[in-house]
Amino acid sequence: MTVRAFYDRWPQYNARLSQQIARLGPAELALRPESGHWPIWAIVGHVAGTRVYWLCHVLGEAGMETTPFADPEQGWEDDLANPRGADELVDALGATFAIVETALDRWTPEMLGVEFERPYGDERQVHTRASVLQRLLTHEAYHDGEISLILGLHGIEAIDLWHQLR
């Protein structure tokens with residue numbers, strides 16, 4: 001048994017985010033809640049890049065070379081002068097979610113407690129696979145809500161994560 005059953009709606013959430021982003025043009029992707037905050041495209045890039053950071057760079061999972069985030073020092077959201085388009089963002093979400101899917105299909109409940117060290121500034125943090133999955137899922141939900149709020153502020157349909165895909 002793998003852990004996929006415990007995260008069975010995550011693929012749907014990724015698909016709903018991808019579908020909404022695919023519908024947005026450059027002007028909508030550039031929307032921000034207010035000056036000084038990231039635009040939608042940067043938030044989406046951050047979501048996709050975070051998957052690679054935690055799963056590949058921290059936990060050692062394979063697949064980062066198939067994504068635009070192989071270099072953790074080159075985050076898309078950090079380059080606000082280079083906006084990303086919907087196609088590029090949807091491709092990044094797909095490529096990085098493939099790494100999530102591989103983990104969900106390969107990891108067993110017994111593997112969730114395995115600890116990994118992460119240097120963070122002057123300290124060393126300890127994370128388990130379970131804590132990283134929870135971090136990623138809640139991180140994505142947070143940013144999906146943030147994107148939905150920005151869209152709603154501008155009269156654009158929010159992301160409906162829970163609507164059943166057919």
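Analyst: Helices (H or I, at least four residues) are DSSP runs, numbered from the N terminus. This is a predicted model, where local features need pLDDT of at least 70, side-chain atom pairs count only at pLDDT 80 or more, and totals for chains, interfaces and linings use all residues. Residues are numbered from 1 along each chain as its sequence is written, and side-chain values use heavy atoms, with hydrogens and water left out.

User: Which residues of α5 does α3 meet?

Analyst: On the α3 side, the residues include Ile 43, Val 47, Arg 51 and Trp 54. Their counterparts in α5 are Val 132, Arg 135, Leu 136, His 139, Glu 140, His 143, Glu 146, Ile 147, Ile 150 and Leu 151.

User: How do α3 and α5 run, roughly parallel or roughly antiparallel?

Analyst: Helix α3 (residues 40–58) packs against α5 with the axes 10 Å apart and an angle of about 175°. Axes are lines fitted to C-alpha atoms over the stretch in contact, and angles run from 0 to 180 degrees between N-to-C directions. Angles over 145 degrees count as roughly antiparallel and those under 35 as roughly parallel, so α3 and α5 are roughly antiparallel.

User: Is Glu 140 buried or exposed?

Analyst: Glu 140 sits in helix α5 (residues 129–153). Leaving aside residues up to four places away in sequence, Glu 140 touches Trp 10, Val 47 and Arg 51. The cut-offs are under 20% relative accessible area for buried, over 50% for exposed and in between for partly exposed (1.4 Å probe, protein chains only). Glu 140 has 4% relative accessibility, so the label is buried.

User: How many salt bridges does the structure hold?

Analyst: The criterion is a side-chain nitrogen of Lys or Arg within 4 Å of a carboxyl oxygen of Asp or Glu. One of them pairs Glu 117 with Arg 124 at 2.7 Å, N to O. Overall, the structure holds six.

User: Which residues do salt bridges with shared partners join into one network?

Analyst: Arg 4 bridges to Glu 101, with the closest N and O atoms 2.6 Å apart. Asp 105 and Arg 4 also meet in a salt bridge, at 2.5 Å, N to O. Asp 105 lies in helix α4 and Arg 4 in the segment before α1, so this pair ties together parts 101 residues apart in sequence. Through shared partners, the network joins Arg 4, Glu 101 and Asp 105.

Technical notes:
Helix = DSSP H or I, 4+ residues; strand = E, 2+ residues; numbered from the N terminus. Contact = heavy atoms within 4.5 Å. Parallel < 35°, antiparallel > 145°, perpendicular 65-115°, else oblique.
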